Each structure stands twice: as C-alpha cells, then as structure tokens.
Amino acid sequence: MNPAILEIGPLAIPVWAIVLGVGMISYLNSAAILVYAERRIAAFIQNRVGPNRVGPFGLLQPLADVLKLLLKEDVTPTHGYKKLHAIAPMIPVITALLSVAVIPFGAGLYVTDINAAVLYLLAVASLGVYGVTLAGWASNSKYSLLGGLRAAAQMISYELPMGMAVASVILMTGSLSLVDIAESQSMWWNFFVNPLGAVIFIICAFAESNRTPFDLVEAEQELVGGFHTEYSSMKFGMFFLAEYMHVFIGSILITTFFFGSYHLPFADLYIPADMNIWLKGILDVSVFTLKVCFWCFVFIWVRWTIPRFKYNQVMKLGWARLLPLSIINFMVIATIMYFTN
Amino acid sequence: MLDSYFPILILAGIAIVLALLLMTLSRILGPYRPNKHKLNPYESGMDPVGEARERYSISFYLVAMEFIVFDLEVVFIYPWAVRYLDLGLGTFISMMVFITILLIGLLYTLKKGTLDWDLKTNKI
Amino acid sequence: MDYLGDLQAFLPGIITAVAGLAVITIEALKSGHKSAYWVTSFSLIVALFFGIQSLGTPLQEAFSGMLVHGGIAAFGNVIILLGTLFCVFLSNDYLEGIDHNYNEVYGMILFATSGMICLAGANDLISLFLGLETMSICLYVMAGLIKNEKQGAEGALKYFLLGAFSTGFLLYGAALLYGATGTTSIPGIGAAASSDLLFLAGAALLLIGFLFKVSAVPFHMWTPDVYQATPTTLTAYMATASKAATFMAMILVLSRALPSVEGLDWQAVLSVVAIITMIFGNIIALVQDNIKRMLAYSSIAHAGYALVGLSAATPEGYSAVAFYLFAYTIMNVGAFGVVAYYERNKGLDFSDVNNLAGLGFKKPMMGVMMSLFLFSLAGIPPFVGFVGKYYVFAAAINANMVPLAIVGVLASAASVYYYLRVMVYLYFREAHKETEMIDASFLYKGALVILALLTVYYGIEPILPFGGLMELITGF
C-alpha cells in the first residue's frame, strides 16, 4: 500500500486511507453527477432545455432520482431464483468499486501499488460479466435471458481487444503496475506513440460499459430492458449506478493508459522536479479530473450522436475487425521496439 | 508484498456492505403490495407465451469457447511483454510464432463463419 | 538456449506443424482447394527424409531436457511418418469416394502427427502430456468429421469422453510422481524413485493412462466403436500411428522413470495385462462379422503382443517392441486400406464380411494384397508379422517370462481363424450379384503395392545378408 503518511499536527493519517475514502466518494458521486450531466448535455445536443426545475439549474435532480428509486416497490418475479435475483445487481456495483484501489490520481496519490495492477483490473472487469448473466438468467423471462446472454457475449468479446491494447501499452512501459504506467507518460503520452491501441481501447471501453453505440442489450426498442427488465426500485438503481460508474471508470482508464494520466503534455520539459508537494498534488488531481471529465463528456456526446449497431455488427466488429487489428498492432509495436533497442 | 493487497480487502468489505445496504434500503423504504399481475414476467403487457427457458442460439457457446482460447493467449502474452527487451532473440521469435499460430486459427474461424450471427451464411 | 540445435532435433515435428498451419490457411482462404493434399504429402515426405537422416545417431536430449532425439526416438518418428504418409496417400481417394474430402482432415492429420512426434520423443512428463493431448484432440476431431451421419458423432463423443477421462488419470499420475520426486524430468524421476505410496500411486495411474491409449484390456471398450465409426483410412491412421507413438512413449518412460524398486513390479502388472489383452482381443474377434470391428479387436490383440515385449523390460525386449510396431504399422495400414477400397464401392455395405463374397476373383490384385496383409497379421511366415512376433516372444523367453510367450503363440494360432475367414469369403464363396466395382486410382494401388512389398521384404530381411533393421534398433 502507499507508504506515505500525512501528518496534520498530532494526527498521522495514512495517505492510502485518504485516497480510498475520497476515491470511493467520488465514484459514487460520479454516478449522480453523470446522470444530471447526461440529461443536460443530451438536451443541449437536441436543442432543448434539460432538467432545470429541481434546485438551481436542476442540480438536485440526481437526488430526486435516487429518492424516487428508493421509495418505489421492489417487485421480484415469482418462479424466479430469488437469491440469485437479489445477488445479481450487487456484482456490477462491487466490481466497479473495486477498481478504485489501483488507480493513481496524482504523483504518489494512490491507494496501493500492486505489481500486477493491470491484471487486477482485467480480472475485475471480467467478474462484472457475471452480474449481467445472472441478472438475465434469474429473472424468469425469455427477454431477460436473451438480453443477458447477448450482453455477456458482447462484454467478453470486447475484453479481448481491450486486453491486447493494454498489452501493447505494457510493451512500452515494461511494468504491469498502473503507477509505473502513469509515471512513464511524463514526456510522451501513450496516445502519441500507440494511436491505434488508443482507438481500439476507447471502442472497447464503450462496449464494456454497454454504452451507445453498443447498448442494444438495454435499449428500449430492442429487448424492452434487456437483462434489467424485471428489476425495479433500488436493484434497478444499482444497475443504473453501475453503468454510470462504468462510464466513469472507462474514462479514468482511457486517461491513465493513453492520455498521460495526471501529466500535462510534455510535462518533463517545464515542470520542475522539486515542486512543492501540495502544489503538485493539486495540479495533478486537477489535470486528471479535467481529462476524465472530458472523456465522460465524449461518452455522453457519442451516445446522443451515433445510432446503435445491430447485434451481428457488434460481434463482427469485435471479433473480425478489432481483435486481428489489436493483435497485429501488438506484434508490430513489439517488433519495432525490439529491433530499435 | 501481500500487505499491498490489504487496502483492497478493506475496499471489498466496504463495497459489499454498501451494496447490501442499498438492497435492504429499498426493501425497507418502499411499499410491498404484491399482486398477480405485477409478479408476472414482462411481455409487452400480455400473458407470457411459452416457457421462459427456450433454447437459444449455439453461437453463444461458440463465442464463449473462442473467448477462452484467446483470453488465455492474452494472459500468456502479459508476462513476456513485461520483460521482453531483456530476453534473447530466440524468445522473441518463439512468442511471435505463438501469436502467429493463434492468428491463423482466428483467420480460419472467421473465414468459416463460426462467429457470424446470420445463420444462413454457413460456409462450412 | 541452443535454438538451432533444438530446431534440428524436432525438425520432423516442426515441418508437419508448419504444413498443418499452411493447410489450415489454404482452407481458410480458398475452401476446398486441392493443393492442401499435395502440401500434406510433400511435407510428410520431407519430414520422413529428415527422420531417416537421424536414424543412426545416439539418443540425445534437446530443448533443455524436454525432448530426446536420435536412437529409438528417431526410429519411432520414422514409423509414425511412414504410417501417416501411407494413410494420406490412401485417404485422398477414399474420402473423395464417401464425399468427405475436407481439407481440415489433412490439417488434423498433420497436427496429430506433430503431436505424435513430440510424444514419441518426450523426456519430461510435461512434453509427454503435451504430445499426447495434441495427438488425442486431433484424433477426436477426425473421428467425428462425418457430417449427416450419427455414427461418426457417436464414435467421436465416446472417444472424447473416455479419452479425456484417461488423460485425467495420466495427469493425476504425473502430478503424484512430481510430488513424490520433485521433478518432472523422466530420467530425474528414475533417479529419485522410491517405494513410498505416492510414487507407486503415481506410477500406477500413469500406467493406466497409457494402457487406455494403446487399448489394452480392460481399457479397450472404446476401440471397436470408435474404429467402426471413423472413416476407414483415418481408422488406419488412428490404429497405427497413435499406438506406435504411445508405445514409444511407454518405452521411454518405463525404461527410465520406473526402475525396479521394491513394490514397483510393473513387469508383473504388464505381463498380466498382456495376457488378458491377447486372450480377450482374439476371442472377441472370433465372432465379429463386421470387418472393421474385427480389425479393431485384432489391433487390441496386437497391442497385447507388443505389451509382451514391453513387459520383458530388457533392451532386447524394447527393440523387439519397436520392430513389432514397425511391422504392425505397415500391415495394418495395408489391411485397412484394402477394406477402404472395398467400402468405397456403393451398393452393399461392404464392411460386412458376408458381402465380400467372391470379390477375390473380381479384383484379383486387391484380393492378393488382402491375403498378404491377412497372412502377415496372423503371423504366418515369410511375412513381417511373423518376424515381429518372433522377436517379441524371443525377448519374453529370454527374460524368463515363458508363460507370456506360450499364451501369445496360442492366441496367434487362434487368430488365424478370423483372419483367414475373410480370405475364405473372398475366394471360396460365390459372388452375391453383379456389383460394379470402382477401379482404384494408380496412387491408391501403388501405395498398397508398396506396403505389400514392404511386408514381404521385411519378412525375409533378417535372413538376407544385407539386412540390419534389428541391429539399427538395438543401438538403443
């Protein structure tokens, strides 16, 4: 874990606890903020005004949404598998929250520095597929089942090019730890060195969080609600929460792997190495937050701009286009780097 | 090394507690008035036709099978990728041969249409 | 790491594997293209050439102790490649005839051959398992490749289930051996052998896994069903090359990893298994009407004869087994090849022996070759089958296992009945009706003729002044 300790007067608080607390709160809040942001930005894109009634500029809208969901009736279908039906929404939430532990929010601002952080993230993402599959299966309805299976097949199909794109990042960094990956981008962001990998990873991040254009498993015209048709009240709220957290996590991973994490572009050239710790911390966290907000905006922007794919198009894109492309990208980068060293 | 996983344990505990809290909160705060129509599975307002466990396409099974093969390839690539600059040329070529073999397998699979979801275009 | 030396050691395997990839690529890019067949044959000939080149060299390790090459492993490679080559020559026509000539078959054959070459030269439990599984999985696929026929799917499923189960036994035995000795290298296990329970259990389970693959009784239940359901030339490939590879692996493992420690009397176990295999294989074959099933049981019996040589546990015994495998390969491929020729003719179900009535005179050359192969299988001089059995039983007697040899000779005598029964139907019965017989292509007949000539030649070769195959093998 992060060995640094913050000393304020008589208190000695370990930094990892601070980062963990702040990180978790920001993850949970991000879902709320993103709900509001999505509706507002969607409105602006569609040339209308979004929610502006609840609180100033509609800023308390997420609170109203949460209260509404909490106070609704929790309808569990009979003949289903009640325990699985109850467990299934918990899994995406838990796996989304688990990823806060390895992400560096600034220089030295991380919870823990596992030396296999990338593998940990991929494992946690793979566990998220369980939630979707169990949800589809435990609701005793054919549409839910089909939606759940389709969502699961889509998510696992896009984990492969994502894994290969991340592998091409590891070639350049030489370490599986996210802290090292973030550190190594102080001069050149990985996007400049490996643009194809960045594009592939961005597309896969869209697919993993079931966002448009890959959201047919939950689009209303397709399968009603897909795997969360039979869920109501807070269980549906948890799927909702998990989806927006996945948008947030997707943006965080894109910035960490490819867009320099907390570094400004070409930061080595003008950032002094002995900058005040507090100033550097604030600078890092601000840059990081700005980048993540930009990518969340891109997620929302794409949703309201591009029509969604059909299912066979989704599968074809994942297997026939992205996977060979990511493998060849990996091989080319490995060869070039090996023979120029 | 193991103490670097300790915060993850704490985080997992907090996450599980949070999820359980959310679940029970809705049960406590919301009304509970089940009736027959609410408890039926949703089918655009009609009574459900047929069983819920209908047979589904075998392509799901094929996708899962292919996923296992290529995911294991990715897992094998990770340890090599971390230190490949220090290893010799022979290891590099071995790894490239490994990836090429799997790439040929992927090419065969794609050309044969096993991952096509239009079942009419069965080229086998 | 001596990469070039390693490449040279495994060269036949590398050639077949690369050819397999090429065939799969051809099939992917242009489905059904005929060039895949020529790529297969050419690569097998090249691999055979390299295999023969390494025949006289002593046994050396390669791949940092994972594989061996030279010596008896080279001879094993030659047997495997020879069997595969002839099966491929025969397969083209036969598979065309039953409308089944997919290029995937050739791809699978090449990959399975590569696995067999790895298996026959394994010096480590891990590479043993690797070769075994590569070979087995390709064989499972080949068994079930006939579409639209439930028989093939049934055979493939049976083979797969029982094969996977037995691989589980073998793997568990390997794990126990590793636990008992701390190494997976086969000479290392032999050096660290002890008589504690872990080692004995591991050795027993390993042996069970092997005995399944060579279809020894009581692990033979899959053989008749699988051999009957598979297309006949692919059955030939399964029955000969895979058995040869597994026996070679058994020789390499048993001679070095399981020395005679206290309580580990695997010779006694193997001799009992050999006796019941010979007895049961021959007895059940006596009542078979279907030629393919009869040949399947006969191959079980032949596995029993080979196990006799193996349980002798002397270098003479191992050389005898190697020669026996060579003899068994050429005569069995020939026998299955002629059966495949008869099967290709549409009309009656020519795998039933009653339907072979009178065909000996209609197609004289096929009849003569069938008789040749059947005489050789029965162990009648001057064919290679007799020489093989002679060496095996001589090795058993020299190792003081006389009951084994006695049972073997009696079983061989009993087997003459069902082999010659086919000849009786071919020559001494009236033909059913005017059935049209397709003429076999030149390549097909040529392959069978070469096999027949080899059968005769190696039958009389030990008494020829320039023979020397046995001396070649005993350089082990």
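This is a guided tour of a predicted model, going from one selection to the next.

**The chains and how they meet**

Begin by colouring the model by chain. Of the two pairs of chains in contact, chains A and B share the most contacts, whereas no contact joins chain A and chain C, whose closest C-alpha atoms are 14 Å apart.

**Chain A**

Select chain A, which holds 13 helices and two strands. Taken along the principal axes, its C-alpha atoms fill a box of roughly 60 × 55 × 45 Å. A compact globule of 341 residues would have a radius of gyration near 20 Å, and the 21 Å of chain A agrees with that. Of the 341 residues of chain A, 53% count as buried, and among its contacts between residues at least 6 apart in sequence, 78% join residues at least 24 apart.

While chain A is selected, go to A:Ser261, in the loop between α11 (233-258) and α12 (277-303) of chain A. A:Ser261 has a positive phi of about 50° although it is not a glycine. Is A:Ser261 buried or exposed? With 28 other C-beta atoms within 10 Å, A:Ser261 is buried.

Within helix α3 of chain B, select B:Val75, which is partly exposed, with 13 other C-beta atoms within 10 Å.

**Where chain C touches chain B**

Turn next to the contact between chain C and chain B, in which eight residues of chain C are in contact with seven residues of chain B. Helix α2 (residues 11-29) of chain C gives the most to the side of chain C that touches chain B, with five residues. That side of chain C divides into five nonpolar residues, two polar and one charged.

**The two domains of chain C**

Colour chain C by its domain assignment, which gives domain 1 (1-260) and domain 2 (265-476). The centres of domain 1 and domain 2 of chain C, taken over C-alpha atoms, are separated by 22 Å. Between them, 42 residues of domain 1 of chain C are in contact with 44 residues of domain 2 of chain C. On the side of domain 1 that touches domain 2, the elements giving two or more residues are α4 (72-97), α9 (197-213), α10 (222-229) and α11 of chain C. Which of these gives the largest share? The answer is α11(C), with 13 residues.

Select that helix, α11 (residues 232-256) of chain C, on its own: at 1.5 Å a residue its 25 residues should span 36 Å, and its end C-alpha atoms are 36 Å apart, which agrees. Of the 25 residues of α11(C), 23 are buried, so this helix is largely enclosed by the rest of the structure.

**The nonpolar cores**

For the largest nonpolar core, which has 186 residues, start with C:Val321, C:Tyr324 and C:Val392, the residues with the most contacts inside it. Helix α14 (residues 315-344) of chain C gives the most to this core, with 20 residues. Both domain 1 (1-260) and domain 2 (265-476) of chain C give residues to this core, so the core lies between them. Leaving aside neighbours within four places in sequence, C:Val392 is in contact with several residues, among them C:Tyr305, C:Ala320, C:Val321 and C:Tyr324. A second, separate core of 125 residues includes A:Val111, A:Ala125, A:Ile254 and B:Val82.

**Last stops: loops of chain C**

In the loop between α9 and α10 of chain C, find C:Pro218, which is joined to C:Val217 by a cis peptide bond with omega about 0°. C:Pro382 is in the loop between α16 (364-378) and α17 (384-398) of chain C, and the peptide bond from C:Pro381 to C:Pro382 is also cis, with omega near 0°. Finish at C:Asn400, in the loop between α17 and α18 (402-428) of chain C. C:Asn400 has a positive phi of about 65° although it is not a glycine, and C:Asn400 is exposed, with 8 other C-beta atoms within 10 Å.

Technical notes
Residues numbered from 1 in each chain as written. Chains lettered and ligands numbered in written order. Predicted model: local features only at pLDDT ≥ 70, side-chain atom pairs only at ≥ 80, totals over all residues. Helix = DSSP H or I, 4+ residues; strand = E, 2+ residues; numbered from the N terminus. Expected span 1.5 Å × (residues − 1). Buried ≥ 20, exposed ≤ 12 C-beta atoms within 10 Å, placed from the backbone. Nonpolar A, V, L, I, M, F, W, Y, C, P; charged D, E, K, R; others polar. Rg over C-alpha atoms; globule rule 2.2 N^0.38 Å. Domains from an automatic or database assignment. Core = buried A, V, L, I, M, F, W, Y, C linked by C-beta atoms within 7 Å.
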